[in-house]
Amino acid sequence: QVQLVESGGGLVQAGGSLRLSCAASGRTFSSYRMGWFRQAPGKEREFVALIFSWSGGSTYYADSVKGRFTISRDNAKNTVYLQMDSLKPEDTAVYYCAVQDPPPVGFTTTPRTFKYWGQGTQVVVSS
């Protein structure tokens with residue numbers, strides 16, 4: 001049984017940092033793209049960041065977080081991370097990690113192409 005478990009969320013002041021982790025179990029995802037999404041109250045789930053399959057692989061970010069967030073992965077630990085710096089109140093949301101399975105032809109961040117999802121971790125940024 002595949003399980004993704006996020007951790008590291010919490011309350012932080014604007015300008016602060018948090019590091020989210022997503023530990024996968026039940027299967028090895030070293031060959032799959034993994035991503036982070038977020039959903040704020042009353043809003044649709046939106047893409048945040050994506051990392052390709054190899055450790056140190058290519059990364060892609062939403063414009064809203066580019067230069068502030070960093071996605072990384074440790075395939076040996078079957079874990080993906082999201083380092084969030086210079087946080088803003090508008091970053092407040094539930095953050096989800098997800099696995100893109102099967103690997104799509106070409107590049108896409110459409111949520112429906114991500115088969116496995118974690119339960120989410122809450123991030124609140126106060127002003």
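Colleague: Which residues have the most contacts inside the largest nonpolar core?

Modeller: They are Trp36, Leu82, Met84 and Tyr95, in a core of 36 residues. A nonpolar core is a set of buried Ala, Val, Leu, Ile, Met, Phe, Trp, Tyr and Cys residues joined through side-chain atoms within 4.5 Å. Please note that this is a predicted model, in which local features need pLDDT of at least 70 and side-chain atom pairs count only at pLDDT 80 or more, while totals for chains, interfaces and linings use all residues. Residues are numbered from 1 along each chain as its sequence is written, and side-chain values use heavy atoms, with hydrogens and water left out.

Colleague: What is Met84 in contact with, leaving aside its neighbours within four places in sequence?

Modeller: Met84 is in contact with Gly16, Ser17, Leu18, Leu20, Arg68, Phe69, Tyr95 and Val123. Contact means heavy atoms within 4.5 Å.

Colleague: And where is Ser21?

Modeller: Ser21 is in strand β3. Its relative accessibility is 17%, so Ser21 counts as buried; the term means under 20% relative accessible area, with exposed over 50% and partly exposed in between (1.4 Å probe, protein chains only). Apart from neighbours within four places in sequence, Ser21 is in contact with Val5, Glu6, Ser7, Trp36, Val80 and Tyr81.

Colleague: A change of topic: how many disulfides does a search of the whole structure find?

Modeller: The search finds one, a disulfide being a pair of cysteine sulfur atoms within 2.5 Å. The disulfide joins Cys22 to Cys97, with an S to S distance of 1.9 Å. Cys22 lies in strand β3 (residues 18–25) and Cys97 in strand β9 (residues 93–100), so the pair ties together parts that are 75 residues apart in sequence.

Colleague: Why is the disulfide right-handed?

Modeller: Because the torsion about the S-S bond of Cys22 and Cys97 is about 50°.

Colleague: Is Cys22 buried or exposed?

Modeller: Cys22 is buried, at 0% relative accessibility. Cys97 is also buried, at 0%.

Colleague: How many salt bridges does the search find?

Modeller: A search of the whole structure finds five. Side chains of opposite charge can pair when their charged atoms come close. A salt bridge is a side-chain nitrogen of Lys or Arg within 4 Å of a carboxyl oxygen of Asp or Glu.

Colleague: Which residue forms a salt bridge with Asp101?

Modeller: Arg27 does, with the closest N and O atoms 3.1 Å apart. The pair links distant parts of the chain, 74 residues apart: Asp101 is in the loop between β9 and β10 (114–117), and Arg27 in the loop between β3 and β4 (33–39). Asp101 is buried at 11% relative accessibility, whereas Arg27 is partly exposed at 25%.

Colleague: And what about Asp91 and Arg38?

Modeller: Their side chains meet in a salt bridge of 2.9 Å, N to O. Asp91 lies in the loop between β8 (79–84) and β9 and Arg38 in strand β4, so this pair ties together parts 53 residues apart in sequence. Both Asp91 and Arg38 are buried.

Colleague: What does Asp63 pair with?

Modeller: Asp63 forms a salt bridge with Lys66, the closest N and O atoms being 3.1 Å apart. Asp63 is exposed, with a relative accessible area of 65%, and Lys66 is partly exposed at 49%.

Technical notes. Helices (H or I, at least four residues) and strands (E, at least two) are DSSP runs, numbered from the N terminus.
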